[in-house]
Amino acid sequence: MDNHKLEYLLRLGDSTLVLGQRLSEWCGRGPALEEDIALTNVALDLIGQTRLWLGYAAELEGAGRTADQFAFLRDAHQFRNLLLAEQPNGSYADTLARQFLFDTWHYFVLEGLQRSTDARIVEIAAKSLKEVTYHVRRSADLVVRLGDGTEESHRRMQDAFDDLWMYTGELFEADAAEAALVQQGVIPDPATLATQWQRHVVEVLEEATLRVPADQWAQSGGRHGRHTEHLGFLLAEMQFLQRAYPGAQW
Amino acid sequence: MAQALALPAVEQVWSWLDAVPDPEIPVISVVDLGIVRDVAWLDDTCVVTITPTYSGCPAMTLIREQIEAALATHGVNSVRVETRLAPAWTTDWMTPRGKANLTGYGIAPPAQQVVDISGISRKSSPALVVACPHCGSHQTRLVSQFGSTACKALYRCGDCREPFDYFKAH
């Protein structure tokens, strides 16, 4: 079903877009020059990937919309991103924990999408996977350095993982749309992804001397357009120009 | 009817493109970088196929314009630059001359053929040996996975103490 595929592409493209926008908020404010550069480079990769996913979504929809129109002219309830991606930057520990949890999920999703029955998805996934391999290596490295760092950095990393943990259940939710796509071999099985994700997250958190949060309760809704209060503010900033000057180009 | 002017040979076009520098690393041409994938004539239009290094590479528009401008100076005015995503660009397509030019410019070339995407476990990832482009020492240390552009990492040399960019395998 192409409707299911369109829905899935929006979930992917909206997640990379919203997280890319979040990371861009760090531009010029990073705790060290190297970190500032790294975060904005990751943001650039994510936004580049967004253009590919939403561009394909626009083609499938066949209504003459472009990737830009998807990004700038939809309201919060039409966004299908993961709640994790829209969480505020908070402290540097919050940003890093969010990034590591997302990157690990992103890596395994793309790795699985390389075997999709949809050739276009395979192309985009193969391109993105190379970039995301560097993202996840970096975020894992920093989680270990800060988790197994000073007393304060350890405490802050632990608090960040505890706070964000409730948004990780949504990463592996399977609804009817995704079940159908799994059946057709278009996307990897979320249950498999959950196992792969869990293994890597536990491995890195243990090395970082951090405790894997035990809370199983999961917040969900992002992939169905029900978002936390943070997304509206993010979109207000990101979409301002196109809302104030419709159709502006440069 | 006058005979149409002969079109320049494809090899000739390749050599013209070899004079188009990468906008961010001007010592290496777009051909040396491996982003020009194909040159062909479609009637009297020269079709140049390029592939992005990174999906968010901000230089792609500029590269497209520079290719058009370079070919125009050689009288090729009908040019179409197409973008192709697959197979994904790899640093393995960089020419030996390109890699040598990078070193001369102070950027360490990729130390692996391609990035290893087969796994992310930290237990099985051996540290990379990157030679300092200034003094040749192997006593170098990764400072950050991301340098001045997404395609580079930042390293520091333990011997000559200089920081340097490393062009990541991709």
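Me: What separates the centres of domain 1 of chain B and domain 2 of chain B?
Reply: 26 Å, taken over C-alpha atoms. This is a predicted model: local features need pLDDT of at least 70, side-chain atom pairs count only at pLDDT 80 or more, and totals for chains, interfaces and linings use all residues. Residues are numbered from 1 along each chain as its sequence is written, with chains lettered from A and ligands numbered from 1 in the order in which they are written.

Me: How do you know where the domains of chain B lie?
Reply: Domain 1 covers 10-83 and domain 2 covers 91-167. The bounds come from an automatic or database domain assignment.

Me: What makes residues of the two domains of chain B count as in contact?
Reply: Their C-beta atoms, placed from the backbone, lie within 7 Å. Nine residues of domain 1 of chain B are in contact with 13 of domain 2 of chain B.

Me: Why are H1(A) and H2(A) called roughly antiparallel?
Reply: Their axes, lines fitted to C-alpha atoms over the stretch in contact, cross at roughly 155°. Angles run from 0 to 180 degrees between N-to-C directions, and those over 145 count as roughly antiparallel. H1(A) and H2(A) are therefore roughly antiparallel to each other.

Me: How many residues does each chain give to the contact between chains A and B?
Reply: Chain A gives 29 and chain B gives 20. H6(A) gives the most to the chain A side, with 14 residues.

Note on methods: Helix = DSSP H or I, 4+ residues; strand = E, 2+ residues; numbered from the N terminus. Parallel < 35°, antiparallel > 145°, perpendicular 65-115°, else oblique.
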